[in-house]
Amino acid sequence: MENIRHYVRENKERFINELIELLRIPSVSADSAYAHDVIMTAEAVKVSLEKAGCDFVELCETPGYPIVYGEKIIDPTLPTVLVYGHYDVQPADPIELWTSPPFEPVIKTTEIHPEGAIFARGACDDKGQMYMHVKAFEYMIANNCLPCNVKFMIEGEEEVGSKSLGWFVERNQEKLANDVILISDTGMISNTQPSITTGLRGLSYVEVEVTGPNRDLHSGLYGGAVANPINVLTKMIASLHDENNHITIPGFYDKVEELSAAERAEMAKAPFSLENYKRALNIDDVYGEAGYVTNERNSIRPTLDVNGIWGGYTGEGAKTVIASKAYAKISMRLVPNQDWEEITELFKKHFESIAPAAVKVKVTPHHGGQGYVTPIDSIGYRAANQAYTETFGVPAIPVRSGGSIPIVALFEKELKSKTILMGFGLDSDAIHSPDEHFGVFNYLKGIETIPLFYKYFAEMSK
């Protein structure tokens, strides 16, 4: 353990600077204007794996952005760990809310990160956490202590649904054969209390379009006589929740997994301060589905949220217009047993049915994925827990996450192996938001901890 810490201390500045250079590249997969930057990032990841010690690295072409594949096979009879991560990032909008430019990384100290945090888009999700694995691998190669085989699969479309990854996995099962999949794209409870994510919510993401008149109209001449698509859309959206914040789509809850009182009691043992939670978000109170506490609402219950809404005139000054069209982007986080394609169809049918005859409605599905639950009695989970225990001094707590990594369920279906989610980010790291950041402590702690996972996984697999 001391050898790992010494290596991290000796290379700390280099590790940070290398990550900063990776974060400078705006690899926004959702916006075609950044296509060149996404490719540049894939090439940079390829070079980093080669330098770290992989015997074979390639950019694998897909219908979309390339997948970076690398491997180090030291003995085919030993276990194989498949590391998954992604090099693409979310759009940085709204830019004006960042306190420093999103693709000009800077280190700032915060109350939670007194040792400093790297502020940049992708710092935590997922470039920083993905790069921990590259540097942990580098350490094991440099010190001749890699105890098993390793494969890397780093994609560039996670933030837009991983469509090409599914295509790639289905066609490369032998190449990707493994004994366990290791991912760091989640978080932990705090810098003193590690946790291992054992459940992920699924996702259904749609865009809706409401059309009224065939052109924008003068609100004085036509107001009150013609349906306003913006007014109609907001009413339709408001009707998707009842007074108890239950989702009103018929059949939405039919397959929802209901946890027992005992399981909910176990969840409640995880450290959580509602007052700190509210203070961190600068809100006076929490809000959500009746009958559930905050940590249940954001992990074991399904949700429906508007992610964006627009239409009409939004420029400076006034323009008295009834817009011809109004739009919204809506995401639904799903729990195990809810099929995302089925939920998407239920949403489409319901949303079309509640539209008044004065407008036309179009629902366009974007992407989605299934939820996932992993057991806590597997060799992979026990190895991860032992690694966290050694570096943090306390055992990890199993938790369910509110986030979604749609490809995890795909991995189990196609590759027949379990996934271990070893996250080192914090809920306060503002992923997907302005001022995303990743603590220097967390980044380096991940590099320290990951080699121990390999050590214990190899030992427990004998």
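Student: How do E5 and E18 pair, and over how many bridges?

Tutor: Strand E5, residues 117-119, pairs with E18 in the antiparallel sense, over three bridges. The model is predicted.

Student: In what order do the strands of the open four-stranded sheet stand?

Tutor: Read across the sheet, the order is E11-E13-E9-E14, and the pairing is antiparallel. Strand E11 (303-311) and strand E14 (360-369) are the edge strands, each pairing on one side only. Here the twist averages 15° from one strand to the next.

Student: Over how many bridges do E11 and E13 pair?

Tutor: There are eight bridges between E11 and strand E13 (residues 325-334), in the antiparallel sense. Aspartate 305 stands opposite serine 331 of E13.

Student: Which helix lies across E9, E11, E13 and E14, and how does it run relative to E13?

Tutor: Helix H6 (residues 229-238) lies across strand E9 (202-211), E11, E13 and E14, at about 15° to E13. Helix H10 (residues 340-353) also packs on the sheet and touches E9, E11, E13 and E14. The direction of H10 makes about 165° with that of E14. Angles run from 0 to 180 degrees between N-to-C directions.

Student: What does UniProt place at residues 199-357?

Tutor: The unreviewed UniProt entry gives "domain: Peptidase M20 dimerisation" for residues 199-357. In the model, this span is 30% helix and 22% strand, and its end C-alpha atoms lie 42 Å apart.

Student: How is empty space found?

Tutor: A probe the size of a water molecule is rolled over the atoms, which shows where empty space is left. In this model, the search of the whole structure finds two cavities of 30 Å³ or more.

Student: How much space lies in the largest cavity, and which strands each supply at least two residues of its lining?

Tutor: The largest cavity holds about 40 Å³ of space. Strand E8 (195-200) and strand E15 (372-373) each supply at least two lining residues. The lining includes Gly199, Leu200, Tyr372 and Val373. By class, it has six nonpolar, three polar and two charged residues.

Student: What lines the second largest cavity?

Tutor: Gly251, Phe252, Asp254, Lys255, Gln338, Asp339, Glu342 and Ile343 line it. They divide into two nonpolar, two polar and four charged residues, around about 30 Å³ of space.

Student: How many residues line the second largest pocket, and which lie nearest its centre?

Tutor: There are 20 lining residues, with Gly161, Trp340, Gly368, Gly369 and Leu410 nearest the centre. Helix H4 (163-171), H10, E14 and helix H12 (407-415) each give two or more residues to this lining. The volume of the second largest pocket is about 470 Å³. Its lining has seven nonpolar, eight polar and five charged residues.

Conventions
Residues are numbered from 1 along each chain as its sequence is written. This is a predicted model: local features need pLDDT of at least 70, side-chain atom pairs count only at pLDDT 80 or more; totals for chains, interfaces and linings use all residues. Side-chain values use heavy atoms; hydrogens and water are left out. On a 1 Å grid over the protein atoms alone, a cavity is a set of points where a 1.4 Å probe fits but cannot get out, and a pocket is an open set with protein on both sides within 12 Å along at least five of seven lines; lining residues have an atom within 4 Å of a point. Grid points are joined across faces, edges and corners, and a volume is the space filled by probe spheres set on the points. Ala, Val, Leu, Ile, Met, Phe, Trp, Tyr, Cys and Pro count as nonpolar, Asp, Glu, Lys and Arg as charged, and the others, Gly among them, as polar. Two strands pair if DSSP finds at least two bridges between them. Contact means heavy atoms within 4.5 Å. UniProt positions are given in the numbering used here, feature names are shortened, and annotations may be inferred rather than shown by experiment.
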